[in-house]
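The following report describes selected features of one structure. The sequence and coordinates are shown first.

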Amino acid sequence: MTPRSWTYLAIILGLVFHGALLPFTYGQTYDAYIHMFFGNHYMTSWFDPWETRWYTGFTVTAYPPGSHQALGLLMRVMDMRAAFIALQLLAVGLLIVGVFRFSRLWVNDRAASYAAMLCAFSTSISETLHIFGQLPTLLSIALFLNAIPHISGWIENGKKSDLALGLALTAATTSVHHVTPLFGTIFFVAPIGLAAWFSNLRQRQDLKPIGLGPTLKWMSPALLRGVAMGICMLFLIVTIVFPYWHWSITDPITQVSIPHGSRENFIAKPNLGLMFFVIPWGVLITVVPYVIFKSIKTPLWPLGLSVLIALFLGTGGTTPFPRLLLGPAFEILTLDRFTFWASILILPFAGMAVESLWDGRAKSLITQAFSPFLSRLWLVLLMVTYVSLAIFTALLPTFRPTQPDFIAPAPIVTFMDEDRHSDWRYLTLGFGDQFAYHSALINAESVDGNYHSARRLPSLMNYSVERLENSKYMGVPGLASLNQFLTNAEKFHLKYIFSNDEFYDPVLHYTGWNPITRLNNGLRVWEKPDISPLPDVRPRRDLPTYQKIMWGTLPIGSLILGFLTLLGLAASQRLISAPSRPFMSGVKKRSPLTPSSRLIGSIRALPLLVGILFLSIVITAISERNKPLPPEDVVELFYQHLDFREMEHAFDLLSKNSDLDYGQFLRIQKITGGLVPSYGKLTSVSPRAITIEKNGTAHVTSELQYLTSVGHKMVTAKDTLIKNGAGRWRIDYTPPKKQFSQSITSLKTGTRFRDLTSQPQSKTLDPIQRLARPQVEVMSAEVIEKQGRLYVIGRIKNLSEFPSCSKIIARAGSENKQKPFEQHAGRIGAHRLLPGEDGAFRVDFEGYMKIRDNPINASYDPEQFSLPEFEEIPTDVKLALSTTVCSPEYYKSLTFSDMSISSTAQGQFLNLNVSNTGTEIVSTIQVKLSYVDAQGTLKWVEPFYLQNNLTPNEIRAIQIPIKDKSGVYIGPANDVRVNGVNTNVNTASIWPMGINLDAQLDAQNGKILLDYDAMIYRPLD
């Protein structure tokens, strides 16, 4: 086959391979839906750069629009997903052509055609397509590779047609992604420019004059053309996407850096090394020694140097040198792009290596060492391995899903369209990158978004979390950012949350959100009561008219011009069939190799050494797999299986017990669920004590660290293990003991709150009742300063005959007229009160994390918070309450009894029994402890969370640590308003009974009051 035929075959195979997989893999990619969202924007509002559906509004000039505008055009005639697939396949075809054209500048046409075939099945391309879904990255490099031959032709020969063609394709590249031509000038154009300059000098060697001045003049034409090309390219890079540069200068990114796996240490975190280094390189990493050899021996050294530099930068944080070399840009760039570029730059070397193996010196060596048949067999096996890795990479998300199952958007669209729900903003949780796809279809605004560079909300910018939707994966910073929105929902007009992850249920419940329905697609809808709708006129950032026109015409015009340029080259047979003269053409061909017997023997021994190495790795892996695990590893593996809901694997680690089958084990796990087992995420298992007895029994005490939506929780687990017949440790599982005796209530041990109903409201409220504002009284409202932080604590009571949902807002200012700081009651609030019920609340004033307070890459303290920037201690603290009638899920069938206070080496504890006298399983309980002094002044409010389910009729003994209640008492709140009306604190109100503190614990003879909020376990409602 001719090189031209090989190239056409590479294009066909590449399109068939990726085209057959893309319809099934794009939904599991990270960025596909983001690009669809941007494409949808241009389809609906081409010349308006303001997008309202994310971040309460942002400008799309934060991202070069070429590929997105092309998607917008295609979406007018086809579905957005089909448009994305079509444009991705176009990028793949252009990339294969570009690799061929780029490679033939360095090597002969046959090696270049092999490079094109290698590109079609590159693991780097498979990963970018089927795992990352990066359309702009592929399309921009495809266009740029097609521009480089013309840039080279202009520098070397000065043809004006090459200048025009090179600039046209560079403009198209810039319209798609500005980073590609910027860094591409260093990694792609600079090596070509050097090689073209040297080639020009070789052609004019006969005209070389004598003397320094004439010599410099002789050397300058190609050099000046290269400088002129660079200036023209820079002009295009600035002009084509000028609004982007204007945006980045006038509104620079000042947010905390978002962690990215490509910047991590790949040795310390091998899973990230696999994703961002091993997979994209694949078999091509074996070509690196060949690159070094050829760079030393041939004129390919500019390209080889570029490959090695890009490879080095792609190692991320494995060594300190990329950080030192890139400086501040290290924290902004995603360094896997350097690995991607290196995997393309190396293809000319790889094509040359394949040519040598197929019909060159390498083939001659292998044939002499073995036989012609074996030499072909080794090459075939190598190619099969290469293609197999590409297929495996493309299907990897199928084996290890990176996104949740597809969520049907129709029920969400219907919900937001009906009853004017779109008058408020919404938030999604647990959607993965599908959030962007749903955003494009929902005619409503979200406070979240999926392009963090464009956001300007302080609650998002000052936390190292990419988006609220996946905040749990960012640990404490992510949950802190989410909590800002859940607590201060009124500020953002946030009323609805669509949850696809029960992890967030506790924080939603305890910040005052109520579940209102479950949609047909399985999503639970949460609502925040009493949120004002969006105003008709909202702030927006507008652009000058000339920038809107530039943004709507230059990028798409440049892209269309680039496509027409390539079509014209193809029609005139100058795209693939044009004559070529690679830079290596002047190199003297090496004579046929006459290998020594020692070299032949080494080649024959190489397969044996490789086979021995491979066999030893397999044997070692099998032996390690079959090696019995120590007791502590068995315990860690057991809790990891439970955490990932891999119940069958967890059950296999239990000792055989005739009284416990798999079905009973599943029922036990359901009963013993709760805040930690059901809603928590296991972050670490740390063995603290291991005892192995002579009778083959082991006792392991471990500390389990869980991240829940209401904070970190530590659980101490004590497990006994025994050896089975195969000598493997298995956990001797004992079902938890449950007490099902009915609790006895007396005057001494009775409930510590008034409850006029004791059961949830079941009757439907009429419209008039829903519009009513339940009357509540403020029993206490005190301002406390503790460890540099301001708090408002208090207690309220529902005096109406309707259940009440309350919104509590504190505003703090000072006499110098400083702008007041507003904070809502968050997780510690009296959000739901039945008629006659009272409850405590606490407002924690919290500011936004500042970059100077939280340096880039700083470690996070789970208790970390940011203080509002008060110039002085606020002297004017106001409290505003608003109420609305609601009927959320109340559950008040709990009683507390046998209360006492004890002192231990670990501190003071409140001991009590909690009883579930109702008929529902309670998954979590928030017990609020209110500390009151002898004069009846509220001193502190602290929550405690029950970590496991409480089943009906169960009595459980619990210990609650008594927190340090020392703080600076500033005084009562100055101004208290209830539903807009000034009111006084009712100091004569009857408070609940309390538990007297021991004199040793509190010299003022204070008391502790208890009230609670329970969340019912209803996973299938």
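In which strand does Trp729 lie? In this predicted model, Trp729 belongs to strand β10 (residues 729–731), strands (E, at least two residues) and helices (H or I, at least four) being DSSP runs numbered from the N terminus.

Residues are numbered from 1 along each chain as its sequence is written. Because the model is predicted, local features need pLDDT of at least 70 and side-chain atom pairs count only at pLDDT 80 or more, while totals for chains, interfaces and linings use all residues; side-chain values use heavy atoms, without hydrogens or water.

**Surroundings of Trp729**

Leaving aside residues up to four places away in sequence, Trp729 touches several residues, among them Leu629, Pro630, Ile692 and Leu721; contact means heavy atoms within 4.5 Å. Val635 is 94 residues from Trp729 in sequence, yet their C-alpha atoms are 9.4 Å apart in space.

**The four-stranded sheet**

Four strands form an open sheet in the order β16-β12-β11-β23, with antiparallel pairing; two strands pair if DSSP finds at least two bridges between them. The edges are held by β16 (838–844) and β23 (968–972), each of which has a single partner strand, so one side of each lacks a neighbour in the sheet. On average, neighbouring strands of this sheet are turned by 25° against each other, direction ignored. Strand β11 (residues 776–786) is joined to β23 by four bridges, and the two run antiparallel. Glu782 stands opposite Pro972 in β23.

**Helices α6 and α16**

The axes of α6 (residues 123–132) and α16 (residues 336–345) come within 9 Å and cross at roughly 140°. Axes are lines fitted to C-alpha atoms, for helices over the stretch in contact, and angles run from 0 to 180 degrees between N-to-C directions. The two helices are therefore oblique to each other, since angles under 35 degrees count as roughly parallel, over 145 as roughly antiparallel, 65 to 115 as roughly perpendicular and the rest as oblique. Ser124, Ile125, Thr128 and Phe132 in α6 meet Asp336, Phe340 and Ser343 in α16.

**Confidence**

The protein chain has a mean pLDDT of 85, and 90% of its residues reach 70 or more; pLDDT is the predictor's confidence in each residue, from 0 to 100. Two stretches are tabulated below.

| Stretch | pLDDT | Contacts beyond four places in sequence |
|---|---|---|
| Residues 738–766 | under 50 | 55 contacts |
| Residues 848–867 | under 50 | 42 contacts |

Where pLDDT is low, the predicted coordinates should not be read in detail.
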